[in-house]
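Please read it alongside the sequence and the coordinates.

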Number of protein chains: 2
Amino acid sequence: MRKGITMVPGGVTTPGGITSPRGFQASGVAAGIKSDKRDMALLVSDTPAVIAGVFTTNRVQAAPVLLCRERLAARQARAIIINSGNANACTGTDGMRDARRMTQLTADLLQLAEPAVFVCSTGTIGRPLPMDKIEAGIRLAVKALAPAGAGAANAAGGADAATAIMTTDTKPKQIAAEVEIDGKLVTLGGMAKGAGMIHPNMATLLVFLTTDAAVEAVALQDCLATAVDRSFNRISVDGDRSTNDTVLFLANGAAQNATLDRRHPRWKAFCAAVNALTGELARQIVKDGEGATKLVTVTVRSAPGKRAAEKVARAVANSLLVKTSWFGADPNWGRVICAVGYAGVPVNPDQIDIAYNGQFAVRGGQPVGLAPEILHAIIAKPEFGIEIDLHLGRSTYTMTTCDCSDTYVHINASYMT
Amino acid sequence: MRKGITMVPGGVTTPGGITSPRGFQASGVAAGIKSDKRDMALLVSDTPAVIAGVFTTNRVQAAPVLLCRERLAARQARAIIINSGNANACTGTDGMRDARRMTQLTADLLQLAEPAVFVCSTGTIGRPLPMDKIEAGIRLAVKALAPAGAGAANAAGGADAATAIMTTDTKPKQIAAEVEIDGKLVTLGGMAKGAGMIHPNMATLLVFLTTDAAVEAVALQDCLATAVDRSFNRISVDGDRSTNDTVLFLANGAAQNATLDRRHPRWKAFCAAVNALTGELARQIVKDGEGATKLVTVTVRSAPGKRAAEKVARAVANSLLVKTSWFGADPNWGRVICAVGYAGVPVNPDQIDIAYNGQFAVRGGQPVGLAPEILHAIIAKPEFGIEIDLHLGRSTYTMTTCDCSDTYVHINASYMT
C-alpha cells in the first residue's frame, strides 16, 4: 500500500466502511422489496457535507440519477437514501415523483432540507417502486441509525448498509483508509455494489464514499472523477454504463483540517488515499463478478497512444471467448492475439509479444514453444496477469477483469422472473 | 422466397450445395487432423472460373488468408483446398510455406497451375500444420472426387465437403438456388461453417459459393461484397472478424449465358439469387451458433441514419445480458432499453418503443403493462423478433442473432485443451 496510507479492511466485525470517518451514521434494513433480505440503506452526515458525484453516461437514465444530478449543482448534502430490488428506471414522471418522495420523507424524518437528501435505486428496470414498502422502509432505516458517536454500533450500521445495497453480489464490499493531514488523522470510507460481469454489460454499479476531511467542493469533484477513471472505469464499466450507475462522495470536515484543495501541500496524499479506496473497491467488485472464479489483469504496453492501449486492453478483457477460456484454465493465447487484431488499432502482428505472469507465450506474433503445462498452471490460479507488448510506442493501459463461467449464464438467464 | 428464384435445400440426401451448379466437383475426407472426423475438403471447377473473395478485417491474418488475397488479384481459380482443426494462424513464415505447399500439391495432383488453387484453414491458432497428415489428406481428397457429371455422387461429394469444414458446428450448412437467365437455368450453390456465437467473438466463418453462370470478374466481386454486407455482416461477424474469415465465390460459366455484368438486364435477378443464398446460409449459421437455442431478429426503425440504426441493433444483439435473458425466456425488456441507451447514439429515452413479434412492451420509454405471460410466450419460441422504434429519423437496420446458453460457456471453456 502507498506510503502514509493505512488501509482498514471492512467486514461485519471490523470497522472499515462508510461510517469509519467521524460524523457519519448508516443503517440497512429489510423493507420487503426483495422478500426478506435487507434492501434499503441510509447514510447520514451529522453536519452539512460537500458532495461530489459521477453518473452513468447511458442515454437512458433512471429517475434517481436525474434527481441526483439536479441536486449535485448545489454541492451540499446531508443524507443518501438507497433501495435495491427496483431500479426506478423507465418509470417516467411517476418514477420522478417517487424518487422525490423518497428524499422528502427522509428529509422530514431527519429534519433536513429536502435538497440535501440524495437517492439511489438498483434492481429491475421498468417497474413502479412499491412506495408503501419503500416508505415503511425509510422509517425503519431512520430508526435503525445508531446515535452519533456510537462507535461499534455505528460500524455495524455501515456493514448493514453495505449488505442492503447488494443485488446479485455474494458479499458486501467495504473498505476504509487513514491518512494524516495537517497533523490530523483523516479517515475515508467506502462501500460498493457490483455490476453483473461488469463490462460489456450493465448491471448497476453503486459506490458511496465518505470522509471526515474538509475538502473544497470543486476539488473534491475533480479528485473523484480522476479516481473513478483510474478504478471503476478500468473494470470497464464506463462505455456501457447502466441506467443507474452512481458514485457519490461526501466530505463533512469533522477532522477539522484546513480545507483541502489543489494548492494544499497534502492534496496529493489525500487523492492517493481516495485512489487506494476506489482501487480496492473496484477489485472487490471484479472478484465478486457474477459467476467469476478468477481475477485477471490485462496490461497493454508500448502502444502508439493511450487510447490505442485502452482499446486493445478492452478488446481482450471483454472477449467472451477469452473469458470462457480463462474459466476453463485453457492456455488459448490465440484468442488473445485475435482480440488484439480486431481492437481497431493498426498493430503489427509480427511484433506482438504476449506473456502470462511474465512468462512469454508469444514473441513477434509466434508461439515460443512454452510448455502448455506452465501456461496452464498460471491460468489455473485465482489471480494472474496477461501482458501484451505491441512494440509501437510508449503508452500503457491496464484493465482488471474476470472470467466468464456457466454460473454467469445461470444467474442472468433468470434474474428477473 | 423471391420471385423467380427456386431454393434447393441442402442435406446428405438432397442435392442443394456447392456441387449443384454444373461443372463443380467436391470431396470431404478424414485426414486425422481432428481424430477420426472429416477434416479436409476439396472443391474443383472443371473449367477455369472467375473468383471473388471477401476476407477478415482482423489485423492478424492467417497464412491462407494472406495467400488467397495475393492470388485473388488474378481473379481466376480452379480449386480450393480446405482443412479444419488447425487455423494455420500466427505461424509465421513456416505457416506461409505450408499454405503454399497445400496449393502446390493440390495443383500437381489435379494438373492445374498453382496460382489457380486457393486454400483455407480453420481451427486452433498458433500451432504448425501437421503437414504429413495434410498431404495424405490432399491425396485422399483428390481420389475421392466424383468424375465430372457424376450426378448424385457429385452431390454426395458436396455434402462431404460441407461436413469436413465444420469445427464446433453441429450440422453442415448447405443450400442451392436456381434462377433463369437468358433462357438458361443458372444454378448457385453454397456451403458454410459457423462461427462461435458469431459476434462479438471470432470463431472462424468460412463460406464457399459456386455458380455455373458466366459472370464478369469485377461485377462478381461487387455482387459478393454487397451480399456479404447484407447477410454475414448482419449476423455481426464483421467488426470482430477472426484471423481466418473467408468468403470465396467461383463462377465457371458452364450455364453458357451471356456474361453477366451490371448492364445485363438480369443482373439484379442474379444478385437477388446470391443474396437469397447468403441470407439462408447466414441464418443457418446463427441457428447453429454454439449453444444457441433461439434465433432472434433485432430490427431498429426510425433511426437518424443507417450507421445509428446499425449501432443500436448491434448493441442489443451483442449484449450478453440480453442474450442470457433470451435463453431464460425472461421478458426482460429493461436490458434491451439499457443496451439502446449505451449504443452511442443520441436517442431520446422518452420516445423509444419496443415490441416483441409486433406486441408493444414499451411505448415512449415506459412499459405499457403488457401481461408478462404474453411476452414470456413469445420469448419462449425458437424464433422471434424484437422491433425497436427510435422515432428520430427514417433509417432501419436488422441483425439476426441468437441467445447465449450455458452450453456456449462449456464449449468455449475447453475448446483447445
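1. A nonpolar core is here a set of buried Ala, Val, Leu, Ile, Met, Phe, Trp, Tyr and Cys residues joined through C-beta atoms within 7 Å. The model under review is predicted, and its largest nonpolar core holds 273 residues. The members that touch the most others in this core are A:V312, A:V340, B:V312 and B:V340. As general background, nonpolar side chains of soluble globular proteins tend to be buried together.

2. The surroundings of A:V340 may be listed in detail. Leaving aside residues up to four places away in sequence, A:V340 touches A:V312, A:A315, A:V316, A:V347, A:I352 and A:I388, together with B:V60 of chain B.

3. On the overall form of chain A, eleven helices and 15 strands are present. The radius of gyration is 22 Å, close to the 22 Å given by the globule rule for 417 residues, so chain A is as compact as a globular protein of that length. The C-alpha trace spans about 70 × 55 × 35 Å along its principal axes. Buried residues account for 60% of the 417 residues in chain A. Among contacts in chain A with a separation of 6 or more, 78% are between residues 24 or more positions apart.

4. Chain A is divided into domain 1 (5-287) and domain 2 (295-413). Their C-alpha centres lie 33 Å apart.

5. In chain B, helix α8 (residues 320-327) is largely enclosed by the rest of the structure, because eight of its eight residues are buried. Among them are B:K323, B:T324 and B:S325, as well as B:W326 and B:F327. Just after α8(B), B:A329 adopts a positive phi of about 50 degrees.

6. Chain B also contains an open sheet of six strands with mixed pairing, in the order β13-β12-β11-β14-β10-β15. Its edges are β13 (366-367) and β15 (395-402); each has a single partner strand, so one side of each is left without a neighbour in the sheet. Within the sheet, β11 (residues 353-356) and β12 (residues 359-363) of chain B run antiparallel and are joined by three bridges. B:Y356 has B:Q359 in β12(B) as its bridge partner.

Technical notes. Residues are numbered from 1 along each chain as its sequence is written. Chains are lettered from A and ligands numbered from 1 in the order in which they are written. This is a predicted model: local features need pLDDT of at least 70, side-chain atom pairs count only at pLDDT 80 or more; totals for chains, interfaces and linings use all residues. A residue is buried if 20 or more other C-beta atoms lie within 10 Å of its own, exposed if 12 or fewer, and partly exposed in between; C-beta atoms are placed from the backbone. Two residues are in contact if their C-beta atoms, placed from the backbone, lie within 7 Å. Domain bounds come from an automatic or database domain assignment. Helices (H or I, at least four residues) and strands (E, at least two) are DSSP runs, numbered from the N terminus. Two strands pair if DSSP finds at least two bridges between them. The radius of gyration is taken over C-alpha atoms; the globule rule is 2.2 Å times the number of residues to the power 0.38.
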